[in-house]
Amino acid sequence: TTGIDAAPDGRTLVSCSGDGSVLIWSTSIWEVLGSGLGHEGPVQSVSHSQDGSKLCSSSMDASTRLWKTDCKPVMQLQMLRGHQAPLWNCQLSHNGKMIASASQDPRVGIWNFQRMMERLDLLPGHTEAVRDCRFSPCQTLMLSASHDRTMRLWSVERPCCVAVLTGHKGKLWGCDYHPQGKVVIGGCEDGTVSVWKVPDNPLAHVRAVEEEERRLEAEELQRKRDLEKQQEQELANES
């Protein structure tokens with residue numbers, strides 16, 4: 001077994017394995033209620049939605065799969081591909097409309113289903129394998145942990161990196177949010193756990209940069225228009 005996750009109501013538990021299977025267990029009688037088959041490699045991670053009706057799984061076959069679990073048999077809803085290397089972790093958002101993925105490639109991915117279409121944003125920044133990823137409780141941010149000894153905060157809306165958390169002395173293997181979303185933690189291979197305070201407004205810097213970029217673009221456009229008018233005036237004077 002390579003990973004487990006309990007449903008929010010505690011009635012079921014899902015496990016994944018190196019044999020490529022995903023199993024759903026009853027926690028009252030400890031029998032298998034259903035299984036998800038389809039991955040072509042070891043499954044490394046599984047994650048429930050908040051209502052327990054869906055789960056996602058990530059595999060060494062570089063795919064993430066979305067499953068419907070409140071039916072028999074368990075139904076695969078979608079197979080999601082985009083990463084170019086094995087996946088180490090995934091998380092399904094509380095509302096079941098987004099999936100975060102952590103890959104060896106080394107990027108984090110955000111699958112967004114909010115407009116009834118699957119869109120994958122592959123976010124560069126880490127320089128070594130990304131081992132874990134977690135949505136914030138408010139689902140506006142995503143946290144990732146990497147073997148490059150950093151954690152990163154990402155805006156889900158943009159999407160882009162809004163903060164890089166450095167100072168770890170070894171590879172990071174896991175990360176998570178405090179339930180209130182104001183603190184994040186990271187687990188390091190040197191046996192330490194780091195605790196970080198999330199900035200009160202992590203998107204403020206991003207918005208400021210975007211506003212400055214729009215200002216510069218407007219100035220450049222105006223400069224080109226002024227130059228064109230000057231050239232037209234010079235041609236008119238020559239004629």
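This is a predicted model: local features need pLDDT of at least 70, side-chain atom pairs count only at pLDDT 80 or more; totals for chains, interfaces and linings use all residues.
User: Why is the contact of R65 with D61 called a salt bridge?

Analyst: A salt bridge is a side-chain nitrogen of Lys or Arg within 4 Å of a carboxyl oxygen of Asp or Glu. The side chains of R65 and D61 meet at 3.9 Å, N to O, so the pair falls within the 4 Å limit. In general, side chains of opposite charge can pair when their charged atoms come close. The structure holds five salt bridges.

User: Are R65 and D61 buried or exposed, and what makes them so?

Analyst: Buried means under 20% relative accessible area, exposed over 50%, and partly exposed in between, computed with a 1.4 Å probe and protein chains only. R65 has a relative accessible area of 5% and is therefore buried, and D61, at 12% relative accessibility, counts as buried too.

User: Which other pairs are called salt bridges, and how accessible are their residues?

Analyst: One of them joins R107 to D105, the closest N and O atoms being 3.5 Å apart, and R107 is partly exposed because its relative accessible area is 23%. Another joins the side chains of E220 and R223 at 2.8 Å, N to O. Both of these residues are partly exposed, E220 with a relative accessible area of 33% and R223 at 44% relative accessibility.

User: Why are E220 and R223 separated by about one helical turn?

Analyst: E220 and R223 are three residues apart in helix 1, and therefore about one helical turn lies between them. Helices (H or I, at least four residues) and strands (E, at least two) are DSSP runs, numbered from the N terminus. Helix 1 covers residues 204-238 and includes E238, which counts as exposed because its relative accessibility is 67%. The C-alpha atoms of E238 and E217, 21 residues apart along the chain, are separated by 32 Å.

User: What makes I185, V193 and V195 a nonpolar patch?

Analyst: Patches are made of residues with over 30% relative accessible area and no salt bridge, like charges being joined within 9 Å and nonpolar side chains (Val, Leu, Ile, Met, Phe, Trp, Tyr) within 5 Å. I185, V193 and V195 form such a patch on the surface, with about 270 Å² of accessible area together; accessible areas come from the Shrake-Rupley method with a 1.4 Å probe, and for residues only the protein chains shown count as cover. V193, found in strand 19 (residues 193-197), is exposed because its relative accessible area is 58%.

User: Where do the cis peptide bonds lie?

Analyst: A cis peptide bond joins K72 and P73, with omega about -5°, and P73 sits in the loop between strand 7 (63-68) and strand 8 (75-81). P73 is exposed because its relative accessible area is 68%, and its C-alpha atom is separated by 7.7 Å from that of S35, 38 residues apart along the chain. The bond from D105 to P106 is also cis, with omega near -5°, and P106 is in the loop between strand 10 (98-103) and strand 11 (108-112).

User: Which residues have a positive phi without being a glycine, and how accessible are they?

Analyst: Among them is Q139, with a phi of about 65°, placed in the loop between strand 13 and strand 14 (141-146); Q139 is buried because its relative accessible area is 17%. Another is R149, with a phi of about 75°, in the loop between strand 14 and strand 15 (151-155); R149 is partly exposed because its relative accessible area is 41%.

Conventions:
Residues are numbered from 1 along each chain as its sequence is written. Side-chain values use heavy atoms; hydrogens and water are left out.
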